[in-house]
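Let's take a friendly walk through a protein model. Have a look at the picture and the sequence below before reading on.

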Amino acid sequence: MAEFVKVANLSELASGVARAVEVNGKSIALFNVNGTVYATDNTCLHQGGPLGEGTLEGHVVTCPWHMWQYNVTTGENLEDSLLKVETYPVQVEGDDIKVAL
């Protein structure tokens with residue numbers, strides 16, 4: 001079973017913001033959607049762009065390199081739902097954001 005690991009503070013991730021963090025050598029993108037935090041792999045499936053540096057609008061992140069878009073709740077690409085970035089369970093305890101890998 002995956003362990004939850006603290007990756008950031010909620011106070012560092014304002015609503016509507018995306019951010020990348022390193023967890024056990026893996027790059028993870030965090031997204032705050034109206035107070036709910038989601039986590040996906042940070043690497044866009046197109047050419048490896050950093051999703052944590054993308055633009056977040058609602059539940060959709062747009063990769064800053066070539067504008068591929070993903071639903072942060074499911075990891076699905078908006079153009080082709082068969083393409084998915086990995087998603088990870090998130091827990092928020094107080095100010096701690098924890099992700100299970």
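## What the model is made of

Helices (H or I, at least four residues) and strands (E, at least two) are DSSP runs, numbered from the N terminus. This is a predicted model, in which local features need pLDDT of at least 70 and side-chain atom pairs count only at pLDDT 80 or more, while totals for chains, interfaces and linings use all residues. Residues are numbered from 1 along each chain as its sequence is written, and side-chain values use heavy atoms, with hydrogens and water left out.

The protein has zero helices and 10 strands. Read from the N terminus on, its elements are β-β-β-β-β-β-β-β-β-β.

## Overall shape and surface

For 101 residues, a compact globule would have a radius of gyration near 13 Å, and the 12 Å of the protein agrees with this. That radius is taken over C-alpha atoms, and the globule rule is 2.2 Å times the number of residues to the power 0.38. Along the principal axes, the C-alpha atoms fill a box of roughly 35 × 30 × 20 Å.

How much of the protein counts as buried? The share is 38% of the 101 residues, where buried means under 20% relative accessible area, exposed over 50%, and partly exposed in between (1.4 Å probe, protein chains only). The accessible surface comes to about 5,500 Å², and 47% of it belongs to carbon and sulfur atoms. Such areas come from the Shrake-Rupley method with a 1.4 Å probe, and for residues only the protein chains shown count as cover.

## Two loop residues with positive phi

Asn 34 sits in the loop between β3 (26–33) and β4 (36–41). Although Asn 34 is not a glycine, it has a positive phi of about 55 degrees. Its relative accessible area is 70%, so Asn 34 is exposed.

Met 67 is found in the loop between β6 and β7 (69–71). Met 67 is a residue other than glycine, and its phi is positive, near 65 degrees. With 57% relative accessibility, Met 67 counts as exposed.

## Two buried strand residues

Now look at Thr 62, in strand β6 (residues 60–62). Thr 62 is buried because its relative accessible area is 15%. Its side chain is joined to that of Gln 69 by a polar contact of 2.9 Å. A polar contact is a pair of N or O atoms within 3.5 Å; within protein, one must be able to donate a hydrogen and the other to accept it, and residues adjacent in sequence count only if both atoms are side-chain atoms. Leaving aside residues up to four places away in sequence, Thr 62 touches Gly 54, Thr 55, Met 67, Trp 68 and Gln 69, with contact meaning heavy atoms within 4.5 Å.

Asp 41 belongs to strand β4. A relative accessible area of 14% makes Asp 41 buried. Which side chain does a polar contact of 2.9 Å join to that of Asp 41? The partner is Lys 26. Not counting residues up to four places away in sequence, the residues that Asp 41 touches include Leu 51, Glu 86 and Tyr 88.

## A partly exposed histidine

His 59 lies in the loop between β5 (55–57) and β6. Its relative accessibility is 35%, so His 59 counts as partly exposed. Beyond residues up to four places away in sequence, His 59 touches Val 33, Tyr 38, Tyr 70, Asn 71, Val 72 and Thr 73. From C-alpha to C-alpha, His 59 and Ala 20 are 16 Å apart in space, and they are 39 residues apart in sequence.
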